[in-house]
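The following paragraphs lead the reader through a structure, moving along the chain from one element to the next. Please keep the sequence and the structure in view while reading.

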Amino acid sequence: MAQLERPKNAKLLEAMVDPEALPSWLSRDVLAYYVEQFQKSGFRGGVSWYRNIVRNIRITPQLETAKIRQPACFIAGAQDDVLKYVPGFVDLMDDWFEDLRGKTLIDNAGHWVQVEQAEKTTSALIEFLRSLR
């Protein structure tokens with residue numbers, strides 16, 4: 001079940017599937033490292049930004065219509081649920097940048113596109129960097 005399809009009172013992990021095997025891009029050692037780090041520090045920092053979205057918007061009204069001026073590119077995994085949070089999100093971003101040089105959605109990748117499809121992500125970044133010449 002995708003995150004947006006779950007009941008509002010569902011807990012985060014209820015939307016997650018316990019895979020029979022780890023994906024090729026995640027070794028048991030790396031997973032153990034992440035578990036150890038989160039057991040030490042918790043995940044408060046990782047979610048605090050999201051908890052403060054409404055507050056951040058309220059304290060920075062001058063940014064509501066501001067555009068990002070520097071050259072930019074957008075890269076995401078095509079299966080990232082975040083792309084579904086706002087209908088038409090990828091098309092909407094055209095209005096948020098003065099110099100958006102590309103939007104790349106990488107197949108067979110979700111939220112960790114840089115790990116799940118490292119070579120394709122790197123290629124998209126190099127293409128963007130070459131456009132800066």
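Helices are DSSP runs of H or I with at least four residues, and they are numbered from the N terminus. In this predicted model, helix α1 covers residues 28-41. Its 14 residues reach 20 Å from the first C-alpha to the last, close to the 20 Å expected at 1.5 Å a residue. After α1 comes Gly42, which has a positive phi near 75 degrees.

β1 pairs with strand β2, residues 100-106, in the parallel sense over 5 bridges. Within this pairing, Gly77 stands opposite Ile106 of β2.

A polar atom of the Asp80 side chain does lie 2.9 Å from the backbone nitrogen of Val82. Beyond its neighbours within four places in sequence, Asp80 is in contact with Ala109, Gly110 and His111.

Most residues other than glycine have a negative phi. Asn108, however, has a positive phi, near 60 degrees. Is Asn108 buried or exposed? Asn108 counts as exposed because its relative accessibility is 58%, and the cut-off for exposed is over 50%.

How values were computed
Residues numbered from 1 in each chain as written. Predicted model: local features only at pLDDT ≥ 70, side-chain atom pairs only at ≥ 80, totals over all residues. Heavy atoms only, no water. Polar contact = N/O pair within 3.5 Å; in protein donor to acceptor, adjacent residues only side chain to side chain. Contact = heavy atoms within 4.5 Å. Helix = DSSP H or I, 4+ residues; strand = E, 2+ residues; numbered from the N terminus. Expected span 1.5 Å × (residues − 1). Pairing = 2+ DSSP bridges. Buried < 20%, exposed > 50% of the residue type's maximum accessible area, 1.4 Å probe, protein only.
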